[in-house]
Amino acid sequence: MKPVIFGLAGETLSPYERAFFAEVEPAGYILFKRNIVDRAQLRALTDALRSLHGREDLLIMIDQEGGRVARMQAPVWPSFPPAALFDRLYDIAPASAIAAAHANAQAIALTLAEVGITVDALPLLDVRQDGASDIMGDRTLGAEPMRVAALGRAVLEGLAAGGVVGIVKHMPGHGRALVDSHLDLPVVTADGDALESDLAPFRTLRSAPMGMTAHVVYTQWDTDRPASLSPTVIGEVIRERIGFDGLLMSDDLDMKALKGSIPDLAAGVVAAGCDLALNCFGRMDDMIGIANVLPDISERARARLDRAMASVTRGGDQPPLEQLLATRDQLLEPVAA
């Protein structure tokens, strides 16, 4: 097995993809809008991936946050609200906000599990800061660390209740970035005392099964390298100060915050301490290059992967999706537009 998550080119596996993936055995896959038509097609695609590897617990992930980040969209699937709505409700009714976030996440999980998706890149634990890039904006759960952690826990538990593994992101915190890391490299110059608030939600939820790094430079810890490529940030901050021992993946290697060839970046994030590299675009040349330069997955990373995938129980009795959505909407009614 190679320590990488690959994207797919289209709505079905091509013969070349099928042969390549069977030979390389990536740790998992990530899906985007380009891979999605409807329930039947998506279930067939995820079944094909599981069949290819003979792993029922195969990591098949998606970014289904709600709001402006939703790969599975209406009218085939329900629309889900942005995280900021739960933050607004928390202002007036914290317990209701936590219950709404749980119901919403469980509903998301049911829609994912139905089509064979096992992991959702949620929740964001980035603490929103005034003046920062809007790339986080309404995707965040608030500007106060305790609130972010409380709502984030509800999301993780809701996803797990629906049979899906959650990912806490973007470690050790993207909330201060002044530019969008999809387009440029953010540099955060805050001192250690200020950064404690960024670390706090991740520390509170350090037992989460999976985490994702940020492509952000934190000059307090490493003046030259973004977190995804920094052994200092990964080893001393994420693993030691936060205490996170779950499966750690990089953010997407194709984001313009990172410079260099995609294979070199994949090797770099794994060498820095990420368990898995994340390569989203599904370009065969890049994937072949990554497979050629990456070592086999380490024993520790494989153990973390297996532990994360075993952290939820799939199947069993579930509330109907409509009931979860109705519960969420009733709770959110005081802040609904």
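Is E65 buried or exposed? Buried: its relative accessibility is 6%, and the cut-off for that label is under 20%. Bear in mind that this is a predicted model. Some notes on the charged pairs follow.

1. E65 and R139. Their side chains form a salt bridge, with N to O at 2.7 Å. The pair links distant parts of the chain, 74 residues apart: E65 sits in strand 4 (residues 64-66), while R139 is in the loop between strand 6 (119-120) and helix 5 (145-161). R139 counts as buried too, at 10% relative accessibility.

2. D254 and R283. Here the closest N and O atoms of the salt bridge are 2.4 Å apart. D254 belongs to the loop between strand 11 (247-252) and helix 8 (262-272), and R283 to the loop between strand 12 (276-279) and helix 9 (284-293), so the bridge ties together parts 29 residues apart in sequence.

3. Salt bridges with shared partners connect D63, E65, R71, R139 and K169 into one network. For the overall tally, the structure has 25 salt bridges.

Terms used. Residues numbered from 1 in each chain as written. Predicted model: local features only at pLDDT ≥ 70, side-chain atom pairs only at ≥ 80, totals over all residues. Heavy atoms only, no water. Salt bridge = Lys/Arg side-chain N within 4 Å of Asp/Glu carboxyl O. Helix = DSSP H or I, 4+ residues; strand = E, 2+ residues; numbered from the N terminus. Buried < 20%, exposed > 50% of the residue type's maximum accessible area, 1.4 Å probe, protein only.
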